[in-house]
Amino acid sequence: MADKSFPYSGFSSLAIHEGHLTDSNYAHLTPIYATSSFVYDNAEQGMRRFSGQEQGYIYSRWGNPTYREAEEKIIAMETFGIAGAHGEPLALKAYLQSSGMAAISTLMMSTLKVGDKVLSHYSLYGGTQEQFNTLLPTFGVDAIIADLRDLNLAEDMLKQHPEIKLIYLETPANPTIQCVDIEALTKLGKQYGKLIACDNTFATPYLQQPFKYGVDYVVHSTTKFLNGHGTAIGGIFIGRDREDTKARTYKIFKALGGSSSPFDAFLLVNGMKTLEVRMERHCSNAEKVAAFLNNHNAVASVNYNGLSSHPDYAVAQKQMRHPGAMMSFELKGGLQSGINFMNKLQLCTRTVSLGTCDTLLSHPASMTHYSVPKEQRERYGITDGLIRMSVGMENVEDILNDLDQALR
Ligand SMILES: *Cc1c(COP(=O)(O)O)cnc(C)c1O
């Protein structure tokens with residue numbers, strides 16, 4: 001392990017070394033601590049652990065050394081190169097979870113109570129949308145959904161609904177790769193005394209660091225680019241190291257019961273070590289794929305942040321290191337052309353999800369959004385011929401060749 005004071009000059013060094021502690025048996029990698037509980041030398045030690053007088057693990061739903069390495073790595077990545085308002089290091093707390101949805105549940109349950117409202121925008125991850133539409137209202141919490149790319153509208157909403165407690169952002173978002181301005185919305189939200197959370201799954205901390213703009217919380221589905229290999233479902237809640245995060249959120253996290261598993265945490269830790277090199281390849285491939293699709297005569301339009309035609313191009317340029325590896329495109333010819341295209345793919349993988357080594361394509365109208373009425377999904381930009389793509393790390397010529405033959 002690198003010395004604590006070692007000044008990492010780059011992201012990969014930190015992703016590889018940060019969070020690793022010397023193991024008592026000198027194992028090179030942090031072992032999979034497959035244990036439900038941790039023991040005490042005597043009753044007094046048990047007492048000290050439970051009262052918080054002594055640091056130490058108690059029960060794996062509350063914390064585990066394998067989760068810890070993942071939590072510390074993600075904190076290090078989310079804060080790399082960022083300082084607090086007075087130059088102090090940014091202190092965060094993180095809780096590794098069994099899924100992205102578990103992390104989002106921890107966020108909602110620990111920040112909202114009956115009568116509160118949450119302000120968010122269109123085009124969110126399906127599970128999040130489901131929480132806003134059907135789950136939270138049964139607990140007396142309503143979501144207000146507005147186009148938060150319009151800052152005047154966002155301010156109107158804050159004025160009209162003083163019950164808003166939390167502003168929830170997801171950027172870039174599914175499937176049209178919409179972006180919202182984290183800095184501007186955080187500044188506005190703070191003027192009105194609101195909490196701000198950001199789902200940073202699509203970008204990863206390598207491409208975007210929401211804490212830089214003053215948000216209170218970040219959530220991730222680690223299932224995607226952070227794990228990077230599609231080997232485990234996982235999520236993480238990260239909050240500023242404040243009383244609310246340490247006391248209330250930790251309590252809710254333990255009580256909801258959505259903690260990770262040591263095996264999944266191990267896969268995540270090792271996946272994240274290569275995040276920078278993977279993202280570089282994902283991103284450079286994505287740029288070439290976007291340019292290719294944009295010039296293809298079977299394609300009506302391409303949604304990619306890196307194309308100046310995308311309505312959120314400027315926002316993406318401002319807050320992301322690179323526009324990323326997610327895009328969607330509209331085929332000429334609607335539903336049947338979407339189905340035909342998907343069936344002809346030979347190299348690329350037909351699946352939902354994102355962020356794995358291989359290129360993944362899905363056709364929302366016939367898959368994830370098959371049961372959503374056409375008018376409703378079209379309001380979210382999910383048209384019949386829309387294809388969503390997570391550009392992988394294959395040699396780009398192979399991706400382009402496969403797309404080309406499938407588009408014919
Ligand atoms: C996948 C995803 C989630 C949910 O994560 P799970 O790990 O599937 O529970 C949340 N937000 C975004 C943006 C996602 O892509």
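**Entry 1: ground rules.** I am working with a predicted model, where local features need pLDDT of at least 70, side-chain atom pairs count only at pLDDT 80 or more, and totals for chains, interfaces and linings use all residues. Residues are numbered from 1 along each chain as its sequence is written, and side-chain values use heavy atoms, with hydrogens and water left out.

**Entry 2: the two domains.** I looked up how the protein chain is divided, and found domain 1 (11–272) and domain 2 (275–407). The bounds come from an automatic or database domain assignment. Taken over C-alpha atoms, the domain centres are 27 Å apart.

**Entry 3: where the domains meet.** How many residues of domain 1 are in contact with domain 2? I noted 35, facing 36 residues of domain 2 (contact means heavy atoms within 4.5 Å). The size of an interface is often given as the accessible area lost when the parts come together. Here the buried area is about 3,100 Å², and carbon and sulfur atoms give 59% of it. That area is the accessible area (1.4 Å probe) that two parts lose on being put together, summed over both. I wrote down Tyr 206, Leu 207 and Phe 225 too, as they supply 27% of the area that domain 1 buries against domain 2, more than any other three residues.

Entry 4: I found three salt bridges between domain 1 and domain 2 (a side-chain nitrogen of Lys or Arg within 4 Å of a carboxyl oxygen of Asp or Glu). I also looked up Asp 181, which forms a salt bridge with Lys 318, with the closest N and O atoms 2.8 Å apart.

**Entry 5: the ligand.** I counted 15 residues around the ligand (a heavy atom within 4 Å), and the closest are Gly 100, Asp 199, Ser 221, Thr 223 and Lys 224. Ser 221 has a side-chain N or O atom 2.8 Å from a ligand oxygen, and a polar side-chain atom of Lys 224 also lies 2.8 Å from an oxygen of the ligand. With Met 101, a polar backbone atom is 2.9 Å from a ligand oxygen.

**Entry 6: a backbone detail.** Is the peptide bond from Thr 171 to Pro 172 cis or trans? I read cis, with omega near -5 degrees. Most peptide bonds are trans.

Terms used
A polar contact is a pair of N or O atoms within 3.5 Å; within protein, one must be able to donate a hydrogen and the other to accept it, and residues adjacent in sequence count only if both atoms are side-chain atoms.
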